[in-house]
Structures are given as C-alpha cells and as structure tokens.
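User: I am new to this structure and would like to learn how to read its features. Please show it to me, and then I will ask about them one by one.

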Amino acid sequence: MPVHPLLASRFSPLLFDSARTVSDDDVDLLLEAARWAPSAGNSQPWAYFVARRDEPEHKRIVRHLARSSARWAPTASLLIVTMAHRYVEDTDWAYSDFADYDLGQSVAHLTLQAHAMDLACRQFRAFDLEALTTDLTPGPGWHIISMIAVGTPTQDRPADRARRSTADLRTAPWD
C-alpha cells in the first residue's frame, strides 16, 4: 500500500505567493487541526503565536529573523511561533521529556491540514531566540521552539526529493 498522497505530495517551499492571504477561518482551521494532536497524558503542551503578513504581530516577529530566513519567510501569508510548556503541573517534575515531542505532533497535524487546504508550511529555527523570547515574553514554563511559515507556494514540489530509506530508519543509530 503506498503512502497517502497527502503525505507524499507535501513539501517545504522557500518561495511563497506574497499576494495570497489567509482568512480568520483558515487560521482557525489550522489551529483546530493542531489542537487534535495526541499528547502524553493529554497534556497538550503547545501554544502558537500567530502573525499574518501586513499585521503588527508579523512585523514584530520578522525583525527577529536571521538573515537566511529573512530572505523568504516574510512573504509567507502567516508566520507562527511555536511554544512548548515544559513544566509539568501537579508533579515534582522540573521538565517534561515529552513536551517538545508533543509540540512536534501538533505541528505535524497543522502542516497536513495546511497541505489539504492547498497551503504549504516550512518549519525553521533561523531567528534570534533570545530576542524573540524577550519580545514575546512567554509565561512561566513556556519555551519558544521554532517557527512555521505558512502560505501558497510559488514553486512546484521537487520531483527528486531525497529521503532516507526505511532500511536506514531501522538501522540507525544502533551499534
């Protein structure tokens, strides 16, 4: 059985249509998909700071981009800052080993929903984490992890995308 076409056709573009916008309903649907991701103990330790292009929140985020991502990310319709809540309430744990993983599950759900909506996502970490954290001031226990650029790609999915083999997935990194 082949992998689902939604998975096989997904890609992470570097070029987005700067004229395309996303509606409130689009944003709500993306976040709804993210909300339904599985998480350890149903803790749902994720949050998103959403910024649409040409809105004050967008300008606030763009100024923290590294030179490499500043070349392409601002043209995306939406920039999303991802956050994980690493503190586990009602326990003596100082840190959750699962929070970042669970955030990744949520981002995957958002990414596939975007693709189903003919949007594309590119996840990245090319920004000044310290400055962005100071600017956004996430609450106690919350940590900024990454960003997602969301928009309409202006390039086609590369035909020859290189992926590691399933055999490699089964053997690495065992000694």
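User: Which residues are buried in H5?

Analyst: Some ground rules come before the reply. This is a predicted model, in which local features need pLDDT of at least 70 and side-chain atom pairs count only at pLDDT 80 or more, while totals for chains, interfaces and linings use all residues. Residues are numbered from 1 along each chain as its sequence is written, and side-chain values use heavy atoms, with hydrogens and water left out. Helices (H or I, at least four residues) and strands (E, at least two) are DSSP runs numbered from the N terminus. Buried means under 20% relative accessible area, exposed means over 50%, and partly exposed lies in between (1.4 Å probe, protein chains only). In H5 the buried residues are Ala99, Asp102, Leu103, Ser106, Val107, Leu110, Thr111, Ala114 and His115.

User: What do the buried residues of H5 pack against?

Analyst: Packing is read from contacts, meaning heavy atoms within 4.5 Å. The buried residues of H5 pack against H1, H2, S1, S2, strand S3 (120-124) and S4.

User: How is the span of a helix checked?

Analyst: The expected span is 1.5 Å times one less than the number of residues. H5 has 18 residues and reaches 26 Å from its first C-alpha to its last, close to the 26 Å expected. The twelve residues of H2 should span 16 Å, and the end C-alpha atoms of H2 are 16 Å apart, which agrees.

User: Where do the buried residues of H2 fall, seen down the axis of the helix?

Analyst: An α-helix has 3.6 residues a turn, so residues three or four places apart point the same way. In H2, the buried residues are Asp26, Val27, Leu30, Ala33 and Ala34. They fall within an arc of 125 degrees, so they line one face of H2. The arc is that of the directions from the helix axis to the C-beta atoms. The buried residues of H2 pack against strand S1 (46-52), strand S2 (78-85), helix H5 (99-116) and strand S4 (142-151).

User: Asp102 is in helix H5. How far away is the nearest side chain of opposite charge?

Analyst: For charge, Lys and Arg count as positive and Asp and Glu as negative, while His and the chain ends are not counted. A salt bridge is a side-chain nitrogen of Lys or Arg within 4 Å of a carboxyl oxygen of Asp or Glu. Asp102 is buried yet has no salt bridge, and the nearest side chain of opposite charge, Arg86, is 11 Å away. Not counting residues up to four places away in sequence, Asp102 touches Pro38, Ser39, Ala40, Ser43, Pro45 and Trp46.

User: How many salt bridges does the structure hold?

Analyst: The structure holds eight salt bridges. One of them joins the side chains of Arg52 and Asp24 (2.4 Å, N to O). Arg52 lies in strand S1 and Asp24 in helix H2, so this pair ties together parts that are 28 residues apart in sequence. Asp24, Arg52 and Glu55 are linked in a network of salt bridges. Another salt bridge is formed by Arg60 with Asp135, with the closest N and O atoms 3.0 Å apart. This pair links distant parts of the chain, with Arg60 in helix H3 (residues 56-62) and Asp135 in helix H6, 75 residues apart. Arg60 counts as partly exposed at 30% relative accessibility, whereas Asp135 is buried at 18%.

User: What is the phi of Gln44?

Analyst: Most residues other than glycine have a negative phi, and most peptide bonds are trans. Gln44 is not a glycine, yet has a positive phi of about 45 degrees. Gln44 is found in the loop between H2 and S1 and counts as partly exposed at 32% relative accessibility. Thr137 also has a positive phi of about 45 degrees, and lies in the loop between helix H6 (129-136) and S4. Thr137 is exposed, at 55% relative accessibility. Asp118, which follows H5, has a positive phi near 65 degrees.

User: Which backbone atom does the side chain of Ser39 reach?

Analyst: The side chain of Ser39 reaches the backbone nitrogen of Gln44 at 2.9 Å. Ser39 is in the loop between H2 and S1 and counts as buried at 17% relative accessibility.

Definitions and conventions: Polar contact = N/O pair within 3.5 Å; in protein donor to acceptor, adjacent residues only side chain to side chain.
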